[in-house]
Amino acid sequence: MGDENRKILVVGGGISGITAAIEAAEAGAEVTLIERNPYLGGRVTQLNQYFPKLCPPTCGLEINFRRIKQNPKISVYTLAEIESLSGSPGNYQAVLKLNPRYVNDNCTCCGKCSEVCETQIPNPVNYGMDTMPAAYLPHAMAFPFKYVLDPGIVGTEEARKCLDACKYNAIDLDMQPASLNLNVGSVVWATGWDPYEVEKVDYLGFGKYPDVITSVMFERLSAYNGPTGGKIIRPSDGKPVQSIALVQCAGSRDENHLAYCSGICCLASLKHATYLREKNPDSKVYMFYIDIRAMGKYEDFYVKVQSDENVVLTKSKIARVSIDRESGQMLVEGEDIGRSEKVKQLVDLVVLAVGMKPGTASCKPSLDMDYDDFGFVTGSGSSGLIPAGCVKAPMEVAASLQDSTAAALKAISTAMGR
Amino acid sequence: METKIPFLEVSDAIVMSGAETLYWCMQCGLCTGTCPWRLVPGEASEQFNVRLVQRMGQLGLEGFESENCLFACTTCRACVDRCPRGVDIIGNIRGMRAMLAEVGTIPPSLKPIAGSLHSQGNPWSGPREKRTEWTEGLDVPAFSADTEYLLFVCCTSCYDIRSRKIAKAVVTSLRAAGISFGIVGAEESCCGESIRKIGDEALFSKLAESNINLYNGKGVKKIIVTSPHCLYTFNNEYPELGGEYEVYHYTEILAQAAAEGKISLSGKMAGEVVMHDPCYLGRHNDIYDAPRNLITSIPGADIKELARNRKNSVCCGGGGGRVWMETKAGERFAELRITEAIESGAKTLVTSCPYCITMLEDSCNVMGKQSELKVMDLSELVAENL
């Protein structure tokens, strides 16, 4: 079989999908990378810093975006979904649905459409912690670097105002959903993960108290491009946060919720401790855990964070989060296992370390793969689809990169019929 | 920290006594943090740490045996519902108590209870022949082959003067709903729920087997109970001993009758009513809606909820044998419930468990709140509105 058969479809434009697509394309395959959001980067886009080096993810993403732009063998479709998928290894037929962006390639990101748009919508990149105009650039480093019109305003006066404001004929309100047929030799399934719906752990108070947020929200609250410009303040009253409780296993390792350990949350929370400590030297961090699971080389990071005397680590599975009427602070309660005493800690903000649910728990491909009880892919099954990244197991970015590079090789050999 | 040597023969014996899931525990402490004892001050609150008790059990260590430690557990099930490993914490507590009960070292306050159960078949030191004294003037039919349901009245409502009103109200209400029921009477014994939780397995078996022989002999198929504790035992502990019955709490029967229009309620005594979910009706038997539906079927009844309701309900303090143990005023869970009920603005607190009534009413009186809040069994509210 020749090169023309080496066509690969990668589903999911997060860090795993991006990596699989680039690695396969740089080895010579022709790759179509599709993403449901209007931008690539997935959950990584929403991180403030990577552990353990504490460098910003935008740096690595930018390098990857450049590799994509420079490589004619990669076609990227955002706002794209799989409408149907059939076939077998070496020969798959995919029908894609391409949702309208209402903005074409003329867009220079001047932002005039956004300026005139008065309709505000929740900002999904910031987990709804703020709003943005319904004509928007998803985030400052978005790729493709193009605005988007929320379908909710199309057909209204708002959309017309945006159209009139655009000097470059970049807005096209007549865009319709389009269909695209693809014939490919292999399919990589990299649809990532979702944070656990921690409101189900009702005693932890998420959804009930504004000053109880999730770990993924705390990434945004700490990020310079987040809803507060990187100021760690309380959602309830905007006061600077002096103390936080990092509540581990918020639903994880729990048969009533997620029975498994997501493996990354301890490291993420230790990282969160550094976010607050760095921005506010007078701050205090209280982390409550069942066990600190900092495996392998990550032990060093754990030891480093632990050495800060203003980071207090307590073995305790938190049993109650409530509001202290007197101080307006959050009261975190449980048992301090080491001392067999009560934990009663007042803090400004509670951050719940939420586990990872595979994207395949809620949305599975129409072709059969093998799954475990939680929706993680355990094998390609009869379909031959190639899973990559967090659909297989909870993993951090470094492990996702390794896994997707392996997936790229598998995709090339499958597409070549070997 | 002092080094302790595990005594694994002891922990094996605890497991053999029924603490089958003792080793599932990973010592996260969610149970201890969830335990209602954390909500009150006092000796039991300081001494009873359910996570630590299980740890000591795992290691076979001594020191958990006292009335205010191992015997503080009210078996309210709040921790079991949340346990991330599905540990049968109540089973473990029961197993640890059983090991003590076998050698006769249960707390002194519980010994007369066991004695009375042995000799009279009830924990209240009431003579067996007076089990049906509460029926005076009511003409309650005896159970026979023609009766659909056996009405099993909790020992508390057979002997305790206050609680007898519940038995009477249940009879009045069931009759008004046209339910075919009858009682067995003096031959009957305590269901054994609480004594098993106290750890006396042998006594439980004796009581249960005697009831099962009696009921099977009389052809009992369906049972209505007045207490959710009896409901738990009949449903969960009698089948393996050969007693398989369809068992209903009276609120289920009356709610059904009300839904079908078989009982007409006047609403003359209705008003704002707040409900306390008994642990054994709610968390143990998963019945939350029947009592609420029954309340709302009373015309004019306005149901309010306590801040902690349904599966988050807080125990009255009477389960697991605690109803017979002294808890000092100021350290009682029931006081929390009375305070919450008064905060709800309702004038009437209803519940549907004789232990809850005992505990709540006592605290209401001790707190001097009886003029602000009336504590009633739901059967009494129904009977008053007939």
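Domain bounds, as used here, come from an automatic or database domain assignment. On that basis chain B falls into domain 1 (8–105), domain 2 (109–254) and domain 3 (262–384). Before going further, please note that this is a predicted model, in which local features need pLDDT of at least 70 and side-chain atom pairs count only at pLDDT 80 or more, while totals for chains, interfaces and linings use all residues. Residues are numbered from 1 along each chain as its sequence is written, and chains are lettered from A and ligands numbered from 1 in the order in which they are written.

Let us stay with chain B for a moment. The centres of its domain 1 and domain 2, taken over C-alpha atoms, are separated by 29 Å. Seven residues from domain 1 of chain B and seven residues from domain 2 of chain B make the contact, where two residues are in contact if their C-beta atoms, placed from the backbone, lie within 7 Å. The side of domain 1 of chain B that touches domain 2 of chain B has three nonpolar, one polar and three charged residues. In this grouping Ala, Val, Leu, Ile, Met, Phe, Trp, Tyr, Cys and Pro count as nonpolar, Asp, Glu, Lys and Arg as charged, and the others, Gly among them, as polar.

What does chain B look like as a whole? It has 17 helices and eight strands; helices (H or I, at least four residues) and strands (E, at least two) are DSSP runs, numbered from the N terminus. The radius of gyration of chain B is 21 Å, close to the 21 Å that the globule rule gives for 386 residues, so chain B is as compact as a globular protein of that length. Here the radius is taken over C-alpha atoms, and the rule is 2.2 Å times the number of residues to the power 0.38. Along the principal axes, the C-alpha trace of chain B spans about 70 × 50 × 35 Å. Of the 386 residues of chain B, 55% count as buried. A residue is buried if 20 or more other C-beta atoms lie within 10 Å of its own, exposed if 12 or fewer, and partly exposed in between, with C-beta atoms placed from the backbone.

For contrast, look at Asp139(B), in the loop between helix H7 (111–120) and S1 of chain B. With 8 C-beta neighbours inside 10 Å, Asp139(B) counts as exposed.

Where do the two chains meet? In this model, 16 residues of chain B are in contact with 16 residues of chain A. On the side of chain B that touches chain A, two or more residues each come from helix H2 (30–34) and helix H4 (50–59) of chain B. H2(B) gives the largest share, four residues.

Now cross over to chain A. Five of its strands form an open sheet in the order S13-S20-S14-S15-S16, with parallel pairing; two strands pair if DSSP finds at least two bridges between them. Strand S13 (212–214) and strand S16 (311–315) of chain A stand at the edges with a single partner strand each, so one side of each is left without a neighbour in the sheet. Inside the sheet, four bridges join strand S14 (residues 243–247) of chain A to strand S20 (residues 349–352) of chain A. One of the paired positions is Val247(A), whose bridge partner in S20(A) is Leu352(A).

Elsewhere in chain A, strand S18 (residues 330–336) and strand S19 (residues 341–347) run antiparallel, joined by seven bridges. S18(A) and S19(A) form a hairpin with four residues between them, and Ser340(A) in the turn has a positive phi of about 50 degrees.

To finish, here are some backbone details. Most residues other than glycine have a negative phi, and most peptide bonds are trans. Cys109(A), however, has a positive phi of about 60 degrees. A cis peptide bond joins Phe51(A) and Pro52(A), with omega about -5 degrees. Another cis bond joins Phe143(A) and Pro144(A), with omega about 0 degrees.
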